[in-house]
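Biologist: Thanks for sitting down with me over this one. Could we go through the packing step by step?

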Amino acid sequence: MLGFSADRLRADMNRLLALLFHQGVLDEQFLQLQQLQDESSPNFVLERELTDYKKMGNHLNQLMGSSSSIGANRVRNVCIAFRANSEQSNRAGCLRALEVLEHEYCYLKSKLHELFQIEQQRVLGAGVRYPMQQN
């Protein structure tokens with residue numbers, strides 16, 4: 001292990017994960033993926049092991065519903081294809097769909113962030129003021 005103790009590596013990993021959650025880089029979906037790790041696939045997140053197709057289908061249904069509710073059509077479409085591959089236990093198809101899903105999710109997230117920033121500037125520029133909250 002290149003001279004690093006398991007405790008030190010675990011602590012480093014926990015610090016990095018805490019930072020990534022704080023920065024919004026990771027969210028609870030990552031924790032759900034980590035929970036899929038067990039003795040039979042201890043490196044699920046690292047290796048992208050896709051063996052529990054039923055559990056994966058449940059997560060895909062949640063993501064598909066969420067993306068549909070905000071109008072994220074491309075993410076929803078990838079989820080549909082991903083689910084079809086998981087229903088057929090098609091590991092290669094699932095891995096391809098996971099890569100596309102990751103790309104589409106990141107693209108959507110960055111564009112929504114950009115859109116919300118512009119909207120915030122527009123609202124502030126229009127002089128819209130929200131009432132102060134009273135405790």
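Biologist: Is G93 buried or exposed?

Modeller: Keep in mind that this is a predicted model. G93 belongs to helix α6, and its relative accessible area is 1%. Buried means under 20%, so with that value G93 counts as buried.

Biologist: How far apart in space are G93 and A81, C-alpha to C-alpha?

Modeller: In sequence, G93 and A81 are 12 residues apart. G93 is also one of the α6 residues that meet α5. From C-alpha to C-alpha, G93 and A81 lie at a distance of 8.7 Å.

Biologist: How are α5 and α6 oriented to each other?

Modeller: The axes of these two helices come within 9 Å and cross at roughly 165°. Angles over 145 degrees count as roughly antiparallel. The orientation of α5 to α6 is therefore roughly antiparallel.

Biologist: How many nonpolar residues are in the contact of α5 with α6?

Modeller: On the α5 side the residues include V75, V78, C79 and F82, and on the α6 side C94, A97, L101 and L108 are among them. Divided by class, this contact has 3 polar residues, 2 charged ones and, for the nonpolar class, 12.

Biologist: Which residues does V75 touch, leaving out those up to four places away in sequence?

Modeller: V75 sits in the contact of α5 with α6, and V75 is also listed on the α5 side of the contact with α4. Leaving out those sequence neighbours, the residues V75 touches are S67, L101, E104, Y105 and L108.

Biologist: How are α4 and α6 oriented to each other?

Modeller: Their axes are 13 Å apart and the packing angle is about 30°. Angles under 35 degrees count as roughly parallel. So the relation of α4 to α6 is roughly parallel.

Biologist: Which residues of α6 make the contact with α4?

Modeller: From α4, the contact draws on Y53, M56, L60, L63 and I70. By class, the contact of α4 with α6 has 9 nonpolar residues, no polar ones and 1 charged. On the α6 side, the residues are R91, C94, L101, L108 and L112.

Biologist: Last one: what share of the residues in the protein is buried?

Modeller: The protein has 6 helices and 0 strands, and along the sequence the pattern reads α-α-α-α-α-α. There are 135 residues in the protein, and the buried share is 21%.

Definitions and conventions: Residues numbered from 1 in each chain as written. Predicted model: local features only at pLDDT ≥ 70, side-chain atom pairs only at ≥ 80, totals over all residues. Heavy atoms only, no water. Contact = heavy atoms within 4.5 Å. Helix = DSSP H or I, 4+ residues; strand = E, 2+ residues; numbered from the N terminus. Axes fitted to C-alpha atoms, helices over the stretch in contact; angles between N-to-C directions. Parallel < 35°, antiparallel > 145°, perpendicular 65-115°, else oblique. Nonpolar A, V, L, I, M, F, W, Y, C, P; charged D, E, K, R; others polar. Buried < 20%, exposed > 50% of the residue type's maximum accessible area, 1.4 Å probe, protein only.
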